[in-house]
Structures are given as C-alpha cells and as structure tokens.
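Me: I am new to this structure. Please show me how to read its features.

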Amino acid sequence: MKKFIIILFIFLSASLTFSNNFSLRYHRFDGIYDDWNIWLWEDGKPGKSIPFNEKDDYGVLAKIDLDKIPTRYGFIIRKGNWEEKDVPMDRYININTNGQEFYLLQGDRNIYSRREEVDTTDRILSAIIKDKNIIMVELTRPISLKNPQEVIIRSDEGRNIDVKKLFNDDIKPQKRFFEKDSDNINITFDPKDFNLKPSEIRSVFLATSSNGWKEASSDWRLKENNDVFQITKKNGIGKNQINDKVEFKFVVHKSSNTLWFPEGENLTIKNKQYKTSNVYLKTLEPLRPEIKYTVNMEGFKSKQAIAYDILDKPEYTFDGWLGYDYHKDSTTFRLWSPVSKNVDLILFKDLKGKDRKNIHMKKNGKIFEVKVSEDLKGYYYLYEMNQYSVKITSPDPWAFASSANGKYSAVIDIENTGPKGFSDSKRPEIQKNKSILYESHIRDLTMDKGSTSKYKGTYKGFGLKDTYLKTNKNISTGISHIRDLGATHIHILPIMDFASIDETKPDKPFNWGYDPFHYFIPEGSYSTDADDPEKRVYEVKEMIRNIHELGLGVVLDVVYNHTYSSTLSPLAKTVPYYYYRINNDCSFSNGSGCGNETASEHKMFRKHMIDSLSYFLKQYKVDGFRFDLMALHDIETMKMIDKRLRKIYKDVLLYGEPWKGGSSSLPDNISFYKGAQKGTGISVFNDLLRNAVKGDPDGDIKGFATGDISTKNDVIKGIFGGLKDFANSPLETINYVTCHDNMTFYDKLKKVLPEANEKEYMLRQCLSAGIIIFSEGIPFIHSGYEFLRTKDGEHNSYNLPDKINMIRWKQKEENYKMFDYFKKIIRIKKEYPHFRLESKQDVLKSITIMKTEYSLIAYTINYKGTRVLVCHNASRKKTVLKMKSNWNVILSGIESTGKYKDTRNIEIPGLSTLVAVER
C-alpha cells in the first residue's frame with residue numbers, strides 16, 4: 001500500500017508539473033483584437049511575445065504554461081511590435097496556484113481576479129478639450145449623429161455647460177454610388193461622375209454579382225430626381241438580396257446603346273457613416289483649462305475632460321523665461337501651469353522639510369510668479385498646484401539644479417558655479433567637414449581598474465587628462481586616448497538628469513541614461529556628491545573645460561522624444577498630458593517604445609527643447625547635440641532648433657537618428673526622417689551604409705566587410721556621402737558601422753564568421769573603418785572599435801554591469817597595431833581635403849568609380865589638381881589594379897609601413913583598404 005501511495009504521489013506531481021498554467025483574459029470595448037498580444041517576462045528574465053489564442057464572450061485569452069509555481073511575472077498588453085501599449089506601464093502578477101485567471105480591461109491599469117469585478121459597460125473613453133468651444137469625445141461604441149444621445153457637461157463650479165451641437169467633419173455620407181445603413185439601402189447614380197448627360201439616359205438599373213451579373217428586376221430601377229438617378233430600398237428587400245459582400249455595376253440604357261459602369265473594377269457596398277464613436281461637442285460658452293469639466297452622455301459612463309490642444313492657443317502659450325532668476329538680494333520664480341487654479345511655492349533649507357514655508361504665487365497673465373526678497377542660494381523648492389480640486393506637488397521642470405534623484409529643485413548661482421575662468425574660456429574651433437566623432441559613456445571610459453584614472457564612473461574621472469595603463473605608461477587611456485587617436489569631438493551618452501538610477505546608492509548600477517527626468521540638470525549619479533546640487537554642475541563644467549583644453553569638442557546625446565514616466569515627470573505633473581502625444585482614447589502614443597512620446601509640435605514642449613538646448617550651449621559651452629529618435633520630432637521644430645542654436649554658436653554640431661522607435665501618432669510627412677535634413681545644418685546617421693558594410697546590426701545577415709560582397713552598390717552610395725540616397729550635401733551624413741546600440745563590430749564578426757581567426761577579425765574591422773573614414777561625410781567611431789572592443793556578444797547592454805560595458809584598456813595594448821592603423825587613416829583623412837568635400841557639386845564631379853572585380857571597390861577623387869585613389873578589397877586574396885600613371889601608395893592595409901611606393905601596378909592585400917596619390 002505504501003508503495004502504491006508513493007507511485008501515485010509521483011504520478012500526481014508529474015501531472016501537476018505538466019499542467020501548471022495561468023490565464024490572462026483581455027477585453028476591448030471595440031471588440032477588435034487584431035495584432036494585440038502580450039509581452040511577458042518572468043521576473044529577472046528576458047521577455048517574449050505571447051499571442052492571445054482563444055476567444056470567448058469576455059474577449060480574448062492566453063493560457064501560459066509554467067515550469068514552476070509560485071513565481072512572479074511582468075507583462076504589457078501591446079499592439080503589434082510595440083506600436084501601442086494598452087496602458088503605459090509594466091504590470092506584475094504573482095502566480096500562487098495552478099490555473100489562476102487574471103482579467104484585464106482596455107485602458108484600465110487594474111488587474112482583476114474575478115470576472116464579476118470587471119465593469120465592461122459602455123463609457124466615454126476620453127474627453128479632450130481641443131479648442132475654447134470644442135471637446136472631442138471617444139466612445140466605446142458608435143452613436144448616430146442624426147439622433148444623438150443627450151449630453152450634459154458639468155463644471156466644478158456647479159454649472160451645466162450647454163452643448164450647441166454634436167458633429168464630426170471627418171464623417172461625411174458618401175454622395176456617390178451605393179450605401180447602406182441599419183435600415184435602408186441607398187443607391188445614387190450621378191451621370192456627371194461618368195461623363196454622361198442626364199438628358200441622353202433612358203433608365204438606370206442595377207446588376208449584381210449575386211445574380212450572375214444580370215440586369216436586376218424592375219425593383220432595382222433607379223428613378224430620376226433632378227438629373228440624379230436614385231432609389232432607396234428596405235435592407236434585404238428584393239429578389240437579389242444585397243449585403244456587404246455583394247459587388248455591383250450600373251446598367252445604363254441610352255437612346256442608342258447600353259453601357260455598364262464601371263468597366264474595369266467592380267463597386268462594393270459602403271456602409272453609410274452616419275454613426276461614429278469619435279464625436280465633437282460644441283459648447284455655447286468658452287471653456288477654461290483650469291476648470292474641471294465632466295462630460296455626461298446618455299448610455300455611457302461619464303468622463304472628465306482634459307485640457308490639451310486648447311493650451312497651444314496664443315492666449316495660453318508663453319514666450320518668456322521660466323524657472324527662477326537668482327540674485328543675491330532676491331529670486332523670482334515663474335511657472336507655466338494653465339491647468340492650475342492656484343500655485344504655492346514651497347521653500348525649505350533643510351531636506352527633511354522641517355523649515356518649510358508656503359508662499360502664494362500670483363497669476364500674472366499666462367504664468368504664476370512670485371519674487372522672494374532674500375538670498376535663497378542653497379534653498380530647495382517645490383510647486384504645490386491645485387489642479388481640479390487635487391493638490392499636486394512637483395519639482396520645477398525648468399530648474400537648473402536639484403537634490404539627489406531630482407526630487408527637490410535647488411536654487412544655485414548658476415553663473416558663478418564652475419571652475420574659475422570657465423565663463424570666459426573658448427571653445428576649440430573645429431570646422432564641420434573636419435569633424436571626427438568618438439562616442440563614449442561616462443562609465444565606459446573610466447571604470448577599468450587597469451587605468452590610472454581616478455574617480456571611477458564620474459564626470460571628474462572622465463575629464464582627467466594624461467591617464468594611462470598602470471602596467472604601461474605608453475598606453476594612454478580616457479580622453480587622452482581620444483586625443484591621441486585623432487578624433488575631434490567626444491560624443492557623450494546622455495548626462496541630462498535621468499530617472500533609471502538611484503543616485504543615493506553608493507554602488508550605482510549601470511544605465512545608458514535614455515530615461516530623461518530633468519532637461520536642464522546634469523545627472524547626479526556621475527557626480528562625486530549627488531546630494532550637493534552645485535557639485536554636479538561644477539564637475540560637468542570642469543570636465544568640458546579639460547576636454548576643450550585637449551582641443552576636442554563635446555557633443556551631448558539628448559533624449560527629447562520621451563520621458564521616463566508619462567505621469568510622474570515634472571512636465572507631466574505641472575501640465576498633465578499636454579507635453580505628450582496622445583491617441584483619441586487618451587492613451588499615450590508610443591513611438592519611442594518606452595511608454596510615451598513627447599509632442600514637439602506643441603508650442604511649450606518645443607520651447608522646453610529650445611530653452612534647455614540653448615542653456616546647455618551657453619552655460620556649459622558644449623559644442624553640439626546628438627538627437628535620439630529624431631524622427632519623433634516634427635520638421636518645423638528641428639528647423640527652429642537649428643536656426644536658434646546657430647545664433648548662439650554658428651558652428652554647433654547637430655545630428656541624430658532619422659527614425660522612430662515604433663508606431664507614432666506624428667504623421668510621417670512632418671517627421672524628421674532621412675531627407676528632412678536637406679537645406680538645414682543638421683546631419684543624420686546613414687544606416688544604409690552601416691548595413692551595407694556590416695549587415696544587419698544583430699542578426700545573421702552579412703555585409704561587404706563581413707562576408708557578403710553583394711552589398712557593394714550600397715557601399716558606393718555611402719562613399720558619395722549619401723548624395724545618391726538622401727542628402728544634398730555630404731556633410732548631412734554621419735558614417736558609421738557600430739555605436740552603443742546593438743552588437744559591437746567585433747561581436748558581429750564572431751557571430752557571422754565563427755570559423756575565422758583573430759587576425760581575420762582585425763583585418764575585416766580595419767576594412768570597415770577604411771570605408772567609413774574615406775567616404776565623404778562625417779565619420780563616427782564607437783569607443784573601443786579601434787581595438788576590437790567586445791561586449792561578450794550582448795546586443796542591448798543598456799543596463800548590464802560595467803564588466804560588460806566598460807572599455808578594457810588592456811585590449812588597446814594587445815591590439816596596438818590596430819589602434820595605430822586607425823590613427824593613420826584618421827591622419828590621412830585630415831591631411832587630404834579629397835575626403836572632406838563640402839558640396840554636392842564637388843563630390844559628383846570629383847569621384848570616379850572604376851570598373852573592377854566584384855569584391856573590389858576602387859575609385860579616384862580628383863580635387864584641386866591632385867588625384868587620390870582608394871581601394872577596398874573585401875576578398876581574402878590580394879588583387880592587382882593596373883593604372884596608366886604612377887602612384888605613391890600611402891596606405892596598404894594594417895600591415896602598411898607608411899613608406900611611399902611608386903608604382904603603376906597597385907597590389908591591394910586581401911581584406912584591406914589602400915590609398916595612393918598620383919604623382
């Protein structure tokens with residue numbers, strides 16, 4: 001008996017293990033579930049897409065098998081591949097027993113454990129104040145605009161706001177052909193649509209696909225009415241029943257012949273759009289953004305209206321300075337928050353808040369303002385806003401300094417915070433066509449214990465000059481290495497205050513920093529003292545001064561396309577929703593893939609961008625900006641940024657990613673994609689050239705330098721500086737093959753060519769560098785690319801430990817021959833203007849592509865009386881190019897001695913770049 005019990009226990013255990021699962025059930029009011037899926041991850045592990053695989057009267061559901069219970073899962077309900085999130089946040093569930101069910105409702109953040117807890121009744125999904133008399137309402141089901149439901153708008157002042165009418169200008173009944181509503185079929189034939197005169201028509205009948213394309217009976221003869229033939233029938237009446245799947249033609253009898261229309265494609269029935277779930281309400285009296293309005297509609301749950309497009313009207317936008325203006329005897333504070341009825345300034349010296357005092361701010365036109373007549377240096381402050389009878393506390397989105405984690409805004413004397421003489425120091429003068437960009441991260445460059453760099457992971461450590469490998473003084477590290485390489489600008493990953501790191505923790509984890517919180521304040525985790533608001537400001541200025549003293553420029557990577565949170569950021573708290581793009585149902589548009597995207601076309605976020613960029617340009621003396629996901633910004637805003645910043649510093653370097661991170665509500669025709677940069681001073685990354693040289697960033701597809709010579713023609717397009725693809729000037733293209741995103745070039749090589757040895761990896765990486773450096777345009781180098789940097793195969797290291805992300809300076813020593821090669825090709829780039837042409841005309845008339853074997857790209861550049869030859873050999877074997885004149889070879893792959901060779905028969909080593917100058 002005991003043996004039987006043991007066997008039974010084992011059997012039951014195996015059965016339970018096999019059947020462990022839980023279910024996620026999801027209900028959408030519109031009943032449309034196409035492309036909706038679950039992004040699911042076990043806590044601490046990678047995520048994966050899970051489809052909804054069943055449907056019932058609640059909605060759709062997914063049953064997920066488990067390896068074990070209990071466990072914790074995170075999930076996001078999303079559309080497609082991050083086109084949209086149902087709610088803009090990660091949600092978590094704890095699995096305690098087998099077979100648990102969780103119920104989810106469209107737009108609702110709650111997770112329900114029982115179906116009866118979920119209210120699926122119809123409701124107003126959103127109510128958005130578009131203009132002073134217009135509210136746009138999104139409903140869970142369509143209503144008729146001919147016989148609309150009763151609408152009542154109540155204000156928090158206790159009054160009802162009269163609605164003049166309901167409308168939707170986008171919903172117009174079609175005037176031509178064949179339409180159907182719930183009761184009738186309506187057929188209209190207008191002779192003018194077919195270039196016919198009504199007088200020559202005897203009759204018009206209908207022919208349908210359902211009766212074998214025969215002319216219908218007299219029931220379907222159209223009657224003439226003021227030169228238009230029409231008929232209305234009860235839905236479904238007649239010998240030949242009409243439905244949405246039926247196609248039809250008109251049979252027109254003229255006096256002498258019979259015509260069938262249309263002659264080519266058939267017509268299909270259209271449902272007459274008298275019903276819509278997207279309704280506009282027009283009010284008799286003006287609406288005010290600080291007033292709470294609740295929209296009540298018969299048959300629907302009510303909804304509070306949010307002030308959105310109305311805030312872009314001239315009566316609400318503000319052009320002056322915001323934030324604070326510090327003087328020793330007084331400080332003036334200004335806040336833009338048109339949705340607030342009143343605002344208090346909360347001042348305190350002690351972070352524990354014991355000495356807090358509230359000062360009422362006066363409404364001064366479009367802003368709240370107060371002047372405090374005492375020396376407030378060292379004080380902290382917050383704004384307390386009364387928004388729709390709820391008190392909201394927030395730091396200042398325009399503040400210059402803050403406590404740790406951006407929790408409290410801080411008053412500092414910004415003009416006198418920094419190294420002595422910094423305000424009078426000069427930027428290095430670097431012409432754009434001579435720019436060579438080097439991308440790095442504060443921690444990447446400084447964390448290796450093998451370097452003599454002190455202050456690891458900080459601005460102070462990043463700015464240290466003359467650091468070197470502890471075991472070899474001849475191996476420079478840090479910014480001295482970048483100077484020795486020959487780059488002209490250091491591109492630093494985001495240092496504007498971001499929220500993904502807790503600055504108070506002594507052992508701060510790694511993050512790239514693409515989670516912005518404050519746009520005027522440097523990140524505190526890179527400061528030697530995050531609790532001191534002045535320290536980070538001082539240290540950033542000190543770092544930039546030291547970089548400038550090496551003759552290098554500083555480019556800041558900026559992330560204006562989204563914020564860390566769409567509800568908790570200072571922007572969202574001071575003016576909810578406005579700074580973000582939202583969909584009709586009030587969900588956040590998610591073109592960034594991070595839960596929200598900012599609305600650059602909104603005047604006050606555009607101002608926020610321009611003000612903060614101008615501030616960093618003037619106050620920190622940076623030399624340029626790289627824009628993350630730049631296509632999420634509208635063209636007009638980017639042009640305004642370009643124009644405004646050049647008034648401050650005419651040589652400012654501006655470039656960015658000309659793409660989005662997902663589906664966006666910003667129309668493509670006004671998005672800053674490739675091509676939009678034409679005629680501006682803005683440059684864009686050339687991903688066509690990247691993919692042609694490297695292959696796809698992380699996958700198995702190869703490129704010209706990684707084993708697939710079929711991409712040769714796209715490489716040639718890149719050599720011309722994008723002029724044969726998207727650019728009007730070669731200086732509009734940023735040429736690169738690798739950056740912080742995706743695999744390093746070395747890791748990509750190891751993935752697609754596992755059979756190759758280290759020498760071949762080096763040769764191929766040098767070949768790729770030769771293409772990038774000698775193509776027209778601005779070259780971009782990812783830190784460590786010059787000595788085979790690896791991230792151990794990780795393609796998305798944004799939050800992985802320093803041991804994955806940091807530069808290992810010993811690799812420079814081990815691959816010094818390669819580093820020396822990079823120095824050489826950069827030196828040649830600088831020496832010969834042939835590789836730094838500025839105009840389209842110069843490029844097109846100077847470059848001649850030679851006919852060669854397919855694995856070889858060879859071309860000459862004839863500029864100002866001198867001809868230069870460039871050859872890129874993607875074959876493992878050497879090749880010989882016979883020329884009609886004599887050439888001095890100045891570069892012949894990584895083994896090149898650098899000595900000049902005089903020859904007509906030019907031998908190009910396998911997997912190499914060769915450069916020669918005609919005698």
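Me: What is the volume of the second largest pocket?
Reply: Rolling a probe the size of a water molecule over the atoms shows where empty space is left. In this predicted model, local features need pLDDT of at least 70, side-chain atom pairs count only at pLDDT 80 or more, and totals for chains, interfaces and linings use all residues. Residues are numbered from 1 along each chain as its sequence is written, and side-chain values use heavy atoms, without hydrogens and water. The second largest pocket has a volume of about 1000 Å³. A volume is the space filled by probe spheres set on grid points, joined across faces, edges and corners. On a 1 Å grid over the protein atoms alone, a pocket is an open set of points where a 1.4 Å probe fits, with protein on both sides within 12 Å along at least five of seven lines.

Me: At what angle do helix H11 and helix H12 pack?
Reply: Two packed helices are described by the angle between their axes and the distance between the axes. For H11 (residues 745-752) and H12 (residues 758-774), the angle is about 125° and the axes are 10 Å apart. Axes are lines fitted to C-alpha atoms over the stretch in contact, and angles run from 0 to 180 degrees between N-to-C directions. Helices are DSSP runs (H or I, at least four residues), numbered from the N terminus. H11 and H12 are therefore oblique to each other. Oblique covers angles left over from under 35 degrees (roughly parallel), over 145 (roughly antiparallel) and 65 to 115 (roughly perpendicular).

Me: Which residues of H11 make the contact?
Reply: Phe745, Tyr746, Leu749 and Lys750. Their partners in H12 include Tyr761 and Arg764. Contact means heavy atoms within 4.5 Å.

Me: And where do H4 and H15 stand?
Reply: H4 (residues 478-485) and H15 (residues 816-831) pack at about 50°, axes 9 Å apart. They are therefore oblique too.

Note on methods:
Helices (H or I, at least four residues) and strands (E, at least two) are DSSP runs, numbered from the N terminus. On a 1 Å grid over the protein atoms alone, a cavity is a set of points where a 1.4 Å probe fits but cannot get out, and a pocket is an open set with protein on both sides within 12 Å along at least five of seven lines; lining residues have an atom within 4 Å of a point.
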